[in-house]
Amino acid sequence: MRPLIPSLAALLVLSACASNPAPRDTVARLDASHPRYDSARCRKARAEAEQYNEHRIVRAVVGVGGNVVMPFAGAAAGGALTHRLERKKAKLNHAVAKACLDDPLARKAVATR
């Protein structure tokens with residue numbers, strides 16, 4: 001049982017490092033002098049990114065509450081929820097980059113930072 005705890009801790013640290021940037025950070029990195037920055041599509045994408053919610057409290061409740069009900073169930077449910085939210089963040093980052101940038105390579109770079 002002892003080797004399992006450091007392995008789980010290492011997995012948790014690595015998964016936190018591989019997360020997508022918050023959509024607000026992606027918007028903050030955009031160049032306001034870019035011609036497409038003031039377009040309607042870009043304004044809409046930036047507004048959606050600003051409204052994105054990290055759901056930190058929900059993830060904590062699911063993780064802790066699930067572990068109280070059944071050991072490791074909360075960790076599995078929290079991991080699944082985190083994975084779903086990371087995919088949503090990546091989609092929002094790509095939408096912002098697609099609406100506000102011209103260069104397809106820059107789109108990928110902004111979304112993966």
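Q: Where is F72 found in the chain?
A: This is a predicted model. Phi of F72 is near 70°, a positive value in a residue other than glycine. As for its place in the secondary structure, F72 is found in the loop between α4 and α5.

Q: Is F72 buried, partly exposed or exposed?
A: Buried means under 20% relative accessible area and exposed means over 50%. The relative accessible area of F72 is 48%, so F72 is partly exposed.

Q: In which helix is the place of A75?
A: A75 has a relative accessible area of 46% and is partly exposed. The place of A75 is in helix α5.

Q: Which residues is A75 in contact with, leaving aside its neighbours within four places in sequence?
A: Contact requires heavy atoms within 4.5 Å. With the neighbours within four places left out, the contacts of A75 are G63 and N67.

Q: What distance separates the C-alpha atoms of A75 and R59?
A: A75 and R59 are 16 residues apart along the chain. Their C-alpha atoms are separated by 9.8 Å.

Q: Which residues form the positive surface patch?
A: One member, K88, is found in helix α5, which covers residues 73–100. K88 is partly exposed at 44% relative accessible area, and a patch residue needs over 30% and no salt bridge. The patch is formed by R84, R87, K88 and K91.

Q: How many helices and strands does the chain have?
A: Read along the sequence, the chain follows the pattern α-α-α-α-α-α. The secondary structure comes to six helices and zero strands.

Q: What percentage of the residues of the chain count as buried?
A: A residue counts as buried under 20% relative accessible area. The chain has 113 residues, and the buried share is 29%.

Q: Among contacts between residues at least 6 apart in sequence, what percentage join residues at least 24 apart?
A: The contacts considered here are those in the chain between residues at least 6 apart in sequence. Those joining residues at least 24 apart come to 66%.

Definitions and conventions
Residues are numbered from 1 along each chain as its sequence is written. This is a predicted model: local features need pLDDT of at least 70, side-chain atom pairs count only at pLDDT 80 or more; totals for chains, interfaces and linings use all residues. Side-chain values use heavy atoms; hydrogens and water are left out. Patches are made of residues with over 30% relative accessible area and no salt bridge: like charges are joined within 9 Å, nonpolar side chains (Val, Leu, Ile, Met, Phe, Trp, Tyr) within 5 Å. Accessible areas come from the Shrake-Rupley method with a 1.4 Å probe; for residues, only the protein chains shown count as cover. A salt bridge is a side-chain nitrogen of Lys or Arg within 4 Å of a carboxyl oxygen of Asp or Glu. Lys and Arg count as positive and Asp and Glu as negative; His and the chain ends are not counted. The place of a charge is taken as NZ of Lys, CZ of Arg, CG of Asp or CD of Glu. Helices (H or I, at least four residues) and strands (E, at least two) are DSSP runs, numbered from the N terminus. Buried means under 20% relative accessible area, exposed over 50%, partly exposed in between (1.4 Å probe, protein chains only).
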